[in-house]
Amino acid sequence: MAEPSLDDLETPPTAVAELAAAALAERTGVARHDIALTLGSGWGRAAERLGRTVAVVSAEDVPGFSVSGVPGHSGTLTSIELEHGLHALVIGARTHFYEGRGVRRVVHSVRTAAVAGARVMVLTNGAGGIRPHWTPGTPVLIDDHINLTAASPLEGATFVDLTDLYSRRLRAIARRVDPSLDEGVYVQFRGPHYETPAEVAMARTMGGSIVGMSTALEAIAARESGVEVLGMSLITNLAAGIQSTPLSHAEVLAAGKEAEPRLADLLARIVAAIADDLAAA
Ligand code: 8IG
């Protein structure tokens, strides 16, 4: 029989996630990962601060994963030992919906993390801010989302409730670590172009305050898998029309780079607090 593949629509995607989780367990020597993190633009330095690195696995060596074509993504999966004997899986290989490789690829990391044992998934991204006081470099908690991709990672008649998708409990933990953290509604556009000013105005009218190209689809898959989600955006730019000058990808990357050490410290403290909480439960 052929290996299960994400391209074979007759095979459920969880079959490939099971293969991936088994490969990860074998290559890292870690049977179970309790917390998974996807590190988006600006968040890459966090991995080294979380704990002791046990193993770094190339995405190509894990079924269903591939090296990202997007700069700022490392193309690796890293296993890290935390306090209390817990383990984190850091996913530096995100597939974006705009890559056009199908929504199964987009959420494969989430499904793999769930099979690997993750009870909590931390989804981070770089994004545009709609609130003018969120200057580039500001981290923001996601408290809900609006999915404008017209896609879903769920297949068939899978009716999943999305109330409190971005866990109130985990947001409270994050705000205990940093009481200055603001919250906002994340609006996922397909991209890869940035929005027009009119689209940003629409997003704001709809109740959005962050615009991005990832995370919402991943969060939906996490809910389906029963994994609790913490979502965080690094505002690297004001959304189009909120600032008077055009967006430049170079400026976005520079804002991410500048914020990286601060974000790494913040995320490490939040993950430690989540680990304390999981260990006590
Ligand atoms: I970084 O302004 C980053 N990612 N959709 N809009 C969208 N995605 C982004 C933006 C932005 N900045």
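**Ground rules**

I am working with a predicted model, so to speak of a local feature I need pLDDT of at least 70, and for side-chain atom pairs pLDDT 80 or more, while totals for chains, interfaces and linings use all residues. Residues are numbered from 1 along each chain as its sequence is written, and side-chain values use heavy atoms, with hydrogens and water left out.

**Ligand shell**

I first looked up which residues surround the ligand. I found Gly126, Ala127, Gly128, Tyr194, Glu195, Val211, Gly212, Met213, Thr236, Asn237, Leu247 and Val252; a residue is near the ligand if one of its heavy atoms lies within 4 Å of it.

By class, I noted six nonpolar residues, five polar and one charged. In this scheme Ala, Val, Leu, Ile, Met, Phe, Trp, Tyr, Cys and Pro count as nonpolar, Asp, Glu, Lys and Arg as charged, and the others, Gly among them, as polar.

Next I checked which strands supply the shell: S5 (120-129), S8 (210-212) and S9 (228-238) each give at least two residues. S5 has the largest share, with three. Strands are DSSP runs of E with at least two residues, helices are runs of H or I with at least four, and both are numbered from the N terminus.

A polar side-chain atom of Glu195 sits 2.4 Å from a ligand nitrogen. For the side chain of Asn237, an N or O atom is 2.7 Å from a nitrogen of the ligand. Gly128 takes part through a backbone N or O atom, 3.4 Å from a ligand nitrogen. I also noted that the ligand alone exposes 330 Å², of which the protein buries 94%; these areas are Shrake-Rupley values with a 1.4 Å probe.

Most residues other than glycine have a negative phi, and most peptide bonds are trans.

- Gly191 and Pro192 are joined by a cis peptide bond, with omega about 0°. I placed Pro192 in the loop between strand S7 (182-188) and helix H5 (197-205).
- His84 is not a glycine, yet its phi is positive, about 65°. I found His84 in the loop between strands S3 (76-81) and S4 (87-91).
- Ala150 also has a positive phi, near 60°. Its loop runs between strand S6 (138-147) and helix H4 (168-177).

Methods
A polar contact is a pair of N or O atoms within 3.5 Å; within protein, one must be able to donate a hydrogen and the other to accept it, and residues adjacent in sequence count only if both atoms are side-chain atoms.
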